[in-house]
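Below is a walk through one protein model, from its overall makeup to selected side chains.

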Amino acid sequence: YTLSKESVSIPLIINESIEKYEFLELQNDITILKNIADTDTTCDLYLMKIAIDNIIQNALKYSLPNSEFKITCINGTFKFVNTCNISENNNSDKQNTSELFEPFFRGSNHETNIDGTGLGLSIVKQIFELHHFDFGIDIQDNQFTLWFKP
């Protein structure tokens, strides 16, 4: 795939994605807290929209009801933090966070009644790798954090 790079506002993509998945936010009574400055990044707009949509949709699907979903950008690193019902520290079958980026793998916190194929984070990983972004997942104290730095 050849990237079609251009100057893109990631905060604008985030805002558009939140609007697209507002029904999940309302359905689960999730409060979205954002602290992101409008800065431009050089990337493939089409692929970045796919990555951000996957991140936002997953966070809203797997957040606990009546919780907060925080989106920040500090020193150029975007972080998406939502609550979940697993904890890396006290879960008996500790979730290997690198597995979450594998195709068809669904975390131990997924419920059988939540739709999904297990491809979302694998796609995000491929897009970030194509762009040579730093990225990762941290799970700690029932907080799921996906971060990336363009």
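Buried stands for a relative accessible area under 20%, exposed for over 50%, and partly exposed for values in between (1.4 Å probe, protein chains only). The model is predicted, so local features need pLDDT of at least 70 and side-chain atom pairs count only at pLDDT 80 or more, while totals for chains, interfaces and linings use all residues. Residues are numbered from 1 along each chain as its sequence is written, and side-chain values use heavy atoms, with hydrogens and water left out.

The protein has four helices and seven strands, where helices (H or I, at least four residues) and strands (E, at least two) are DSSP runs numbered from the N terminus. Their order along the sequence is β-α-α-β-β-α-β-β-α-β-β. Of the 150 residues, 45% count as buried. The accessible surface is about 8200 Å², with 47% of it belonging to carbon and sulfur atoms; accessible areas come from the Shrake-Rupley method with a 1.4 Å probe, and for residues only the protein chains shown count as cover. Taking contact as heavy atoms within 4.5 Å, 67% of the contacts between residues at least 6 apart in sequence join residues at least 24 apart.

Strand β3 (residues 40–44) contains Thr41, which is buried at 11% relative accessibility. Beyond its neighbours within four places in sequence, Thr41 touches Glu6, Ser7, Val8, Ile10, Phe133 and Pro150.

Side chains of opposite charge can pair when their charged atoms come close. A salt bridge here is a side-chain nitrogen of Lys or Arg within 4 Å of a carboxyl oxygen of Asp or Glu, and the structure holds two. One joins Lys20 to Asp53, with 2.6 Å between the closest N and O atoms. Lys20 lies in helix α1 (residues 10–20) and Asp53 in helix α3, so this pair ties together parts 33 residues apart in sequence. Lys20 is partly exposed at 47%, whereas Asp53 is buried at 15%. Glu68 and Lys70 form a salt bridge at 3.9 Å, N to O. Glu68 is partly exposed at 38% relative accessible area, and Lys70 is partly exposed at 38%.

Helix α3 (residues 45–62) also holds Tyr46, which is exposed at 56% relative accessibility. Tyr1, Tyr46 and Leu130 make a nonpolar surface patch of about 380 Å². Patches consist of residues with over 30% relative accessible area and no salt bridge; like charges are joined within 9 Å and nonpolar side chains (Val, Leu, Ile, Met, Phe, Trp, Tyr) within 5 Å.
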